[in-house]
Amino acid sequence: MDSMAAPARKPVTPSTLPPTSVLMRRALMKKCPVCGRGNVFASHFHMNRECPSCHVTFWKDPGESLGAMYVDYAVATIAFLVAWFILDYTTNLSDAMQVAIVAPIAVASILAFYPISRSIWTVLVYISGGIEKPRMRAIRGGKAL
Ligand SMILES: [Zn+2]
């Protein structure tokens with residue numbers, strides 16, 4: 001083995017990630033999965049491109065929004081089933097009337113959980129290694145770090 005080989009780059013593996021409970025809390029609090037300080041969202045529907053605290057880019061690939069739709073689909077399905085279950089066991093409404101009530105509830109759940117579903121997807125992108133820490137930038141006149 002060559003002892004003069006350059007040290008290998010430290011890969012992002014599950015052992016270097018924060019514990020799952022910390023990542024879940026950061027997702028639900030809509031905080032950056034990397035540092036836990038910066039907000040993922042600037043407002044309810046406006047996602048920050050990068051973390052305001054540690055400056056990692058959350059979604060480098062524009063196709064990531066398609067992945068977040070999987071989480072939206074899960075949220076809508078759960079809302080649909082729970083609302084339908086409650087209506088079916090507490091009322092005598094027709095099936096058509098139940099669907100007319102439950103469908104807007106499913107759509108509203110997607111809008112209500114929009115930031116949380118994107119934040120959950122951001123954590124999944126981070127776990128899969130899709131978020132990299134930003135490179136160190138050289139500052140003219142500064143000391144090398
Ligand atoms: Zn951050």
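L23, R26, A27 and L28 in α1 meet I116, S119, I120 and V123 in α4. By class, this contact of α1 with α4 has six nonpolar, one polar and one charged residues. The two helices pack at an angle of about 145 degrees, their axes being 8 Å apart, and their crossing is right-handed. The model described here is a predicted one.

**Overall make-up**

The secondary structure of the chain comes to four helices and zero strands. Along the sequence, this gives the pattern α-α-α-α. The chain has 145 residues, of which 17% count as buried. Among contacts between residues at least 6 apart in sequence, 51% join residues at least 24 apart.

**Helix pairs**

| Helix pair | Crossing angle | Axis separation |
|---|---|---|
| α1 and α4 | about 145 degrees | 8 Å |
| α2 and α3 | about 145 degrees | 8 Å |
| α2 and α4 | roughly 125 degrees | within 9 Å |

Helix α2 spans residues 64-90 and helix α4 spans residues 114-127. How are α2 and α4 oriented to each other? Their axes cross at roughly 125 degrees, and α2 and α4 are therefore oblique to each other. The crossing of this pair is right-handed. On the α2 side, the contact is made by E64, G67, A68, V71, D72 and V75, and on the α4 side by S117, R118, I120, W121 and V125. Six of the residues in this contact are nonpolar, two are polar and three are charged.

Helix α3 covers residues 95-112. Helix α2 passes α3 in a right-handed crossing. The residues of α2 that take part are D72, V75, A76, A79, F80, A83, W84, L87 and D88, and they meet Q98, I101, V102, I105, A106, S109 and I110 in α3. The contact of α2 with α3 divides into 12 nonpolar, two polar and two charged residues.

**The nonpolar core**

Which residues have the most contacts inside the largest nonpolar core? They are V34, F58 and I120, in a core of 14 residues. Helices α2 and α4 each supply at least two residues of this core. The largest share, four residues, comes from α4. Leaving aside residues up to four places away in sequence, I120 touches A27 and V71.

**The loop between α1 and α2**

Helix α1 runs over residues 20-28, and K30 lies in the loop between α1 and α2. The phi of K30 is near 60 degrees, a positive value in a residue other than glycine. K30 has 19 other C-beta atoms within 10 Å and so is partly exposed; a residue counts as buried at 20 or more.

H55 lies in the loop between α1 and α2 as well. H55 is not a glycine, yet its phi is positive, at about 65 degrees. Because 14 other C-beta atoms lie within 10 Å of its own, H55 is partly exposed.

S65 lies in helix α2. S65 and T122 are 57 residues apart along the chain, and their C-alpha atoms are separated by 9.8 Å.

E132 is found in the segment after α4. E132 has 12 other C-beta atoms within 10 Å and is therefore exposed, since a residue with 12 or fewer is counted that way. The C-alpha atoms of E132 and V34 are separated by 9.0 Å, although the two residues are 98 residues apart along the chain. V34 is among the residues with the most contacts inside the largest nonpolar core, whereas E132 is exposed.

Methods. Residues numbered from 1 in each chain as written. Predicted model: local features only at pLDDT ≥ 70, side-chain atom pairs only at ≥ 80, totals over all residues. Axes fitted to C-alpha atoms, helices over the stretch in contact; angles between N-to-C directions. Parallel < 35°, antiparallel > 145°, perpendicular 65-115°, else oblique. Left-handed = near helix turned anticlockwise from the far one by under 90°. Contact = placed C-beta atoms within 7 Å. Nonpolar A, V, L, I, M, F, W, Y, C, P; charged D, E, K, R; others polar. Core = buried A, V, L, I, M, F, W, Y, C linked by C-beta atoms within 7 Å.
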